[in-house]
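Hi everyone, thanks for making time. I'd like to walk you through one model today, so let me put it up on the screen.

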Amino acid sequence: MATAETEKRIALLIDADNAPAAKIDAILTEVARYGVANVRRAYGDWKNPHIKGWEATLHEYAIRPIQQFAYSRGKNASDMAMVIDAMDLLYARNLDGFAIVSSDADFTPLVMRLLTDGVKVYGFGEKKTPEPFVNACSKFTYVEALGQPEKAGATTATEPRSAAELRGDPRLLQMLRGAVDSTGGDDGWSPLGAVGHQISNQASFDPRNFGYRKLSDLIEATGVFEVRRDEQIIWVREKPKPRAAAKAKRAPRKRPSA
């Protein structure tokens, strides 16, 4: 468990116009896995009835509301205010990461800029979030995947994808195969921890977005990999491809005599 000296400092910035207030408790619980959210701000035009659901949660969760009036119709001034604050916080050099709650792809350039300074960016948004924003984050989690399972026996609040659906996702399979291959030994077996580390270094990834709480469960569900559990380590390797049936050797035919 992290001590006070090693605990990471996270800035939680919420785009109230594009994020559900009902998920704030689950989001804060998730952010706590990475560090302490010592900066908590929510941006929006608080006179707009569209975000009235956030008002009840601001005081309860010690989130500071940042009022931003819509100076021009059709323009989201909250986005600009949030970007400016993020850059000010970055230049202060006293944070280890940012948690950005939004389903708006307009924050993609901000995420890319924050990453260049070596800080982690944890994204949270709804499934409608465009892929550029999702993929830009160090880790992006769909808010629908957070919280208690909705059905008995479900692994997460998101319905688990079937093996066929997982195998039909070329990006997912390529990422998993690449991580297993690059971390495997001579026998093909890779420690799960190394596989997860490799994946986190190359892409934004959360197994809960696919309906599985753990990476090992997701890998096993694809049906493409073998999973072996020792006392302390979980090992993974791609299943050997079935060998083609050996062709029966036939004696060479003799050419008919002239």
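This is a predicted model: local features need pLDDT of at least 70, side-chain atom pairs count only at pLDDT 80 or more; totals for chains, interfaces and linings use all residues.

**Salt bridges, a helix face and a buried aspartate**

Let's begin with arginine 228, which is partly exposed at 33% relative accessibility; here buried means under 20% relative accessible area, exposed means over 50%, and partly exposed lies in between, using a 1.4 Å probe and protein chains only. Residues are numbered from 1 along each chain as its sequence is written, and side-chain values use heavy atoms, with hydrogens and water left out.

Back to arginine 228. Its salt-bridge partner is aspartate 230, with the closest N and O atoms 3.8 Å apart. By salt bridge I mean a side-chain nitrogen of Lys or Arg within 4 Å of a carboxyl oxygen of Asp or Glu. Aspartate 230 is partly exposed too, at 40%.

How many salt bridges does this rule give? The count comes to 15. One of them joins lysine 52 to glutamate 55, at 3.9 Å from N to O. Lysine 52 is exposed, at 53%, whereas glutamate 55 is partly exposed, at 37%.

Another pairs arginine 161 with aspartate 169, and there the closest N and O atoms are 3.5 Å apart. Aspartate 169 is buried, at 19%, while arginine 161 is partly exposed, at 31%. There is also a network of salt bridges linking Glu30, Arg33, Lys139, Asp206 and Arg208.

Helices (H or I, at least four residues) and strands (E, at least two) are DSSP runs, numbered from the N terminus. As a reminder, an α-helix has 3.6 residues a turn, so residues three or four places apart point the same way.

Last stop: aspartate 85, in helix H3 (residues 77-92). Is aspartate 85 buried or exposed? At 17% relative accessibility, aspartate 85 counts as buried. Leaving aside neighbours within four places in sequence, aspartate 85 is in contact (heavy atoms within 4.5 Å) with Arg41 and Tyr43.
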